[in-house]
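Open the model in your viewer and keep the selection tool at hand.

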Amino acid sequence: MVFKKNKLDWAEFLKRTGLIEFSIAAAWFVLSSLIIVVPSDWRRALALLVLNGAGLGLIINKILTMHARSIFFTKRIFLLLALISCSVLLAADYLLPLNPLLVPLSAATAIYALVYGNRSVAIYLTIYLSFVLALQGSENYFFYFTVHTIQGLFMVYFSSVRTERNSLAYSAVYSALAGIAAIVMFCLLGQSSFVSFYANAGALLLSAVCSIVVIIGLLPYIEDIFYIITPTKLLELASPANPLLRRLSMEAPGTYHHSLIVANLADAAAESIKANALLARVGAYYHDIGKIKRPLFFVENQHAFDNPHNQLNPHMSSQIIIAHTRDGAALGREYKLPQLIIDIIRQHHGDSVVTYFLHTFKEANAQAAESERTLVNENDFRYPGPKPQTKEAAVIMLADSCEAAVRTLEKPTPSRVNNLIGRLIKEKLDAGQLADCPLTIRELTAIQLSLQKTVANMFHNRIAYNDKSKG
Ligand SMILES: [Fe+2]
Ligand SMILES: [Fe+2]
């Protein structure tokens, strides 16, 4: 079953991603092989070559099954992984003769864990690199493999449970201590001498501390260059103390409240399809940030005020509504939001039509005298797009329209809410708004069920369970 799934992903990988990712994967294999086999005799070279091929194959396969067709699977991330593992192997060339425990394995494992926010790829890579490094050394294979693996696994664990940027330093020290504990075990078992203990422990601690200093310095650049957001960055953006979110809560409180609800809906829906739930949540916090510019033109901020659209013609009103995606992207750039979030802001309405004002315009046009009628061009009432390009952006689009629609239901009953959500998703699908994102029909069904469930939980007090309309 698993094999079949993996095979399908490989075939799809070659078919869908084109030559670039495949070339990077092939170059990754050739380069890493060259680095690790150069100093060996031919039998060890052959063994290391096979091991390298198997290790990389396993890792790429894991990435494919986890992230294929998702936001995280891009050629830049592939390139990042290739660069990091090749750098570690290259550093090993110089450091192995001094002390194999000086090799900065924890730098690589921490970056893997942070990039993916998921431990399994990082665990695979830790074991693979420890294995290759151990075989590259001249003796004590088992000792170095065990110490590197234990240190690497602890690093993966600590850096994925403690995602604040500063706690990386603690993670490095704790993981080095775990490695030192392993060295002590070997000494007690008589497999390693106490004479070399201080040199080994010192090397481990030194490499852990140095590599974490490098990571903390490099991480912001890695995030920018490789178009990724680490969970650390996402958690920073999710903080209510963030200046842009604080502005939203002060200047457009209604929109802020709406965004919090959309975030809850999108988070659960993304989780149900194994997409990046944290990215969906943070993207939802910022999706309507452009409404800060003219908050009172949006219904959720109008409680105590007159509707300013009453003074405008429908065409002008629609232009103001449509502008919020463009304004949001501009604000995002001003506040240096990551490109992934800015893309979500631009894509969350796709190229849909502002139907309310289009209808109002058509009605006014029909009632006007014949000489005053103008030609109705639907495209004037359209968002500029683009349509959602990723699963997370599509989930936010669906969660957004569900929240807005459910809010307007006068007597929400479970069946009315469920029908409404089903109808909204079908409308988006029929209008072609989901045509550019990689969602499958099965995933759409999962999203629908998740949205219905979350809405039922969130609006529990408001939803009338005695559905009298059904009798
Ligand atoms: Fe919006
Ligand atoms: Fe919205």
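Predicted model: local features only at pLDDT ≥ 70, side-chain atom pairs only at ≥ 80, totals over all residues.

Select residues 253-272, helix H11, and residues 441-458, helix H18. Two packed helices are described by the angle between their axes and the distance between the axes. Here the angle is about 140°, and the axes of H11 and H18 are 8 Å apart. Angles over 145 degrees would count as roughly antiparallel; H11 and H18 are therefore oblique to each other. The crossing of H11 past H18 is right-handed.

Now show side chains. On H11, pick Ile261, Asn264, Leu265, Ala268, Ala269 and Ser272. Their partners on H18 are Ala446, Ile447, Ser450, Leu451, Thr454 and Met458. How do the residues of this contact of H11 with H18 divide? Eight are nonpolar, four are polar and none is charged.

Move to Lys274, in the loop between H11 and helix H12 (277-286). Lys274 is not a glycine, yet its phi is positive, about 60°. Is Lys274 exposed or only partly exposed? It has 14 C-beta neighbours inside 10 Å, so Lys274 counts as partly exposed.

**The loop between H13 and H14**

Next, select Lys336. It sits between helix H13 (314-334) and helix H14 (339-347). Lys336 counts as exposed because it has 9 C-beta neighbours inside 10 Å, and the cut-off for exposed is 12 or fewer.

**The cis peptide**

Finish at Pro386, in the loop between helix H15 (355-367) and helix H16 (391-408). Display the backbone. Gly385 and Pro386 are joined by a cis peptide bond, with omega about 0°.

Note on methods
Residues numbered from 1 in each chain as written. Chains lettered and ligands numbered in written order. Axes fitted to C-alpha atoms, helices over the stretch in contact; angles between N-to-C directions. Helix = DSSP H or I, 4+ residues; strand = E, 2+ residues; numbered from the N terminus. Parallel < 35°, antiparallel > 145°, perpendicular 65-115°, else oblique. Left-handed = near helix turned anticlockwise from the far one by under 90°. Contact = placed C-beta atoms within 7 Å. Nonpolar A, V, L, I, M, F, W, Y, C, P; charged D, E, K, R; others polar. Buried ≥ 20, exposed ≤ 12 C-beta atoms within 10 Å, placed from the backbone.
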